[in-house]
Amino acid sequence: AVTRVRALFLATRSPAAPKGPLTVREVCAAYVQYLRAHKKTGDDAERRIAKHVLPKLGDLPVGALTKNQLEDWQRCLVWSDPDDPEVERRSKDTANRMLTNLKAALNRAFQDTDNGISTDAAWRRVKPFAKVGRAREVFLDQAQAKRLINACSGAFRDLVTAALLTGARPPHEFASVRVRDFRVDRQKGQPDLGTLTVDGKTGPREIILTQEAIRFFTAKAAGREPDALLLPRVDGSAWGKNHHILPMREAVKKAKLPKDCTIYALRHSHASQALLAGMNQQLLAENMGTSVSMLEKHYGKFTKRDRRQLIEASSLNLGLKLRKTAPEGAR
């Protein structure tokens with residue numbers, strides 16, 4: 001005991017400069033480092049936090065945060081436009097996502113007892129805006145998907161086709177895919193099983209391909225080196241975060257599709273068409289790098305329609321011949 005007390009006494013006399021209280025900025029920086037190490041969302045989180053969190057909260061001590069301060073910050077993220085009610089809904093939806101990120105960063109700091117944060121009550125009591133989330137609404141059917149492909153050309157056409165065929169997250173899940181990541185087993189000279197390995201938001205995964213997708217990627221990989229990019233841009237470089245925006249906007253206009261059809265709608269379209277065709281939800285979730293619960297949340301209307309079709313097709317049919325009867329009291 002005496003030895004430990006002496007060590008503590010010497011530590012308190014250390015000439016190291018005293019450290020100030022832990023700030024929101026420091027907590028968010030540690031959270032971004034965690035995301036970079038364990039997930040694929042570090043860069044995106046850093047940009048969002050720098051834009052929406054740090055300007056107002058960055059220099060505040062975490063231990064001194066109040067519920068009123070956080071709610072005031074939350075309200076400052078909301079915008080309104082008398083001519084467009086969607087502006088307020090979308091900004092509240094963004095505010096909810098940022099609140100989730102901020103709470104995650106603060107909770108990680110709170111769970112580390114070395115940080116000396118006595119309570120999480122300030123942010124735990126801040127509630128998100130209610131009923132501002134909205135399920136994905138742009139789903140292309142087969143005819144619309146074909147029109148979109150025909151409105152594209154060159155490397156962008158390949159990117160759009162690959163996204164529709166696989167349901168992968170475009171463009172970043174294709175950006176680093178190499179020829180070697182496309183694998184085909186052949187029997188008697190015919191492709192029997194094909195997979196594409198991608199590395200994205202949920203980590204590496206193997207996508208099981210349809211025969212049509214196998215033929216498409218076989219053509220893209222033909223005669224090329226294993227380390228070559230499978231879906232490069234026109235200049236041979238990899239697709240970046242915003243390289244798709246302009247060609248997608250032009251293709252949507254040319255194909256006469258809804259204006260809010262973004263490149264992510266290709267993933268939604270793949271999912272909706274697969275569910276309508278009766279694909280097993282667990283298999284689809286694994287192929288797309290998501291969960292069954294997320295499929296049900298965003299594509300529930302398609303699964304309900306599919307369930308009705310399956311019930312009609314497989315339920316017991318008694319062959320009853322029911323005669324028409326007049327409503328009671330109408331006789």
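**Briefing: helix packing, cores and cysteines**

The buried residues of helix α5 are covered by, among others, α3 (42-52), α4 (54-57), α6 (86-111) and α7 (121-124). Keep in mind that this is a predicted model.

**Helix α5**
- Four residues of α5 (residues 67-76) are buried: Leu70, Glu71, Trp73 and Gln74.
- Those residues sit on the same side of α5, because the arc they cover around the axis is only 155 degrees.
- In general, an α-helix makes a turn every 3.6 residues, so residues three or four places apart point the same way.

**Nonpolar cores**
- The largest nonpolar core counts 41 residues, and the ones with the most contacts inside it are Leu148, Phe156, Leu196, Phe217, Leu230 and Leu266.
- At least two residues of this core come from each of α8 (142-150), α9 (154-166), β2 (190-200), α11 (211-221), α12 (245-254) and α13 (265-276).
- Helix α9 gives the largest share, 8 residues.
- Setting aside neighbours within four places in sequence, Leu148 touches Leu140, Val160, Met248, Ala251, Val252, Ala255, Leu257 and Leu266.
- There's also a second, separate core of 27 residues, with Cys28, Leu35, Ala105 and Ile117 among them.

**Cysteines**
- You'll find 0 disulfides in this structure.
- For Cys261, the closest cysteine sulfur is that of Cys152, 9.9 Å away, which is too far for a bond.
- Cys261 is buried, at 5% relative accessibility.
- Cys28 is buried too, with a relative accessible area of 3%.

Definitions and conventions. Residues numbered from 1 in each chain as written. Predicted model: local features only at pLDDT ≥ 70, side-chain atom pairs only at ≥ 80, totals over all residues. Heavy atoms only, no water. Buried < 20%, exposed > 50% of the residue type's maximum accessible area, 1.4 Å probe, protein only. Arc of directions from axis to C-beta. Contact = heavy atoms within 4.5 Å. Disulfide = S-S within 2.5 Å. Core = buried A, V, L, I, M, F, W, Y, C linked by side-chain atoms within 4.5 Å.
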